[in-house]
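Here is a walk through one protein model, for a reader who has not seen it before. Please look at the sequence and the structure first, then read on.

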Amino acid sequence: AHQFPTGVVLTPARRAELADWAREVDGLIMEDDYDAEFRYDRHPVGALQGMAPDHVALLGSLSKTLSPAVRLGWIAAPGRWTEALVARDTGGAPPPVIDQDAFSRFLTSGSYDRHLRASRLRYKRRRDRLLRELAAHLPGAAVGGAAAGFHLLLPLRDCPADAVVKEAAGHDVRLASLDDYRTVPEEPGPDASASTLVVGYGNLTDQAVPEAVRRLAAAVERVRGQSV
Ligand SMILES: Cc1ncc(COP(=O)(O)O)c(C=O)c1O
């Protein structure tokens with residue numbers, strides 16, 4: 001629903017192709033749908049697991065919706081995998097039963113759904129604020145991947161993203177370069193000076209957004225000044 005880090009959605013045609021491939025080779029797809037609940041400007045995308053339940057294991061956790069500290073997660077797996085999964089010793093202690101029970105009540109009472117709706121609005125407001133600030137301080141940047149999740153892509157012209165990451169870190173703004181997530185270097189495109197920042201906003205307060213963007217824009221300016 002929201003690929004990390006590009007933020008793209010797998011198109012219906014490619015989803016169908018992927019499900020067909022798994023059936024053909026009798027394969028198992030691991031569907032890591034880690035922030036699908038948080039979509040802002042588009043309809044929900046159904047889980048691939050529903051299209052090919054015998055070939056997809058859907059993984060989920062409460063890390064994004066409640067807190068990574070809760071350490072509760074689940075796998076909706078094809079029936080033939082259940083026994084092997086249950087038998088598998090995953091190492092560490094299982095999540096406390098009391099936490100599981102509390103979450104089960106939170107879920108069945110409808111409170112979890114209410115919490116998700118309220119959180120979606122909260123993050124959408126923050127995302128909108130971030131987009132407004134970016135448009136004001138870095139005009140013309142073609143922001144991508146912002147329709148869902150907690151991060152967006154910010155393409156930069158005439159400016160290496162890794163230098164901006166370093167410069168911004170010196171002013172307490174932590175970012176990543178899209179290149180940090182590549183396993184092989186990208187083929188150079190027509191514009192060799194183009195680069196992209198990954199900007200997360202999940203753990204930022206709304207009030208901190210304007211100052212963070214101001215510092216980011218100042219870092220970009222300084223790096224551009226140095227590269228001339
Ligand atoms: C791609 C991806 N999958 C899953 C998760 C959630 O991981 P966990 O449930 O182990 O906290 C994250 C967390 O950021 C993630 O980036």
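Between domain 1 and domain 2, the count is one salt bridge. Its partners are Asp41 and Arg127, whose side chains meet at 2.7 Å, N to O. The model is a predicted one.

The two domains named here divide the protein into residues 12-90 for domain 1 and residues 121-227 for domain 2. Their C-alpha centres lie 29 Å apart. Where they meet, eight residues of domain 1 are in contact with 10 residues of domain 2. The size of an interface is often given as the accessible area lost when the parts come together. Here domain 1 and domain 2 bury about 810 Å² between them, with 59% of it on carbon and sulfur atoms. On the side of domain 1, the residues that lose the most area to domain 2 are Phe38, Tyr40 and Asp41, together 65% of what that side buries. Asp41 is also a partner in the salt bridge with Arg127.

The next feature is a sheet. Three strands form an open sheet in the order β1-β2-β3, and the pairing is mixed. β1 (29-32) and β3 (73-76) each have a single partner strand, so one side of each is left without a neighbour in the sheet. On average, neighbouring strands of this sheet are turned by 20° against each other, direction ignored.

Strands of a sheet pair through backbone hydrogen bonds, either parallel or antiparallel. Strand β2 (residues 56-61) and β3 run antiparallel and are joined by four bridges. Gly60 has Trp74 in β3 as its bridge partner.

Conventions
Residues numbered from 1 in each chain as written. Predicted model: local features only at pLDDT ≥ 70, side-chain atom pairs only at ≥ 80, totals over all residues. Heavy atoms only, no water. Pairing = 2+ DSSP bridges. Helix = DSSP H or I, 4+ residues; strand = E, 2+ residues; numbered from the N terminus. Axes fitted to C-alpha atoms, helices over the stretch in contact; angles between N-to-C directions. Domains from an automatic or database assignment. Contact = heavy atoms within 4.5 Å. Buried area = accessible area lost by both parts, 1.4 Å probe. Salt bridge = Lys/Arg side-chain N within 4 Å of Asp/Glu carboxyl O.
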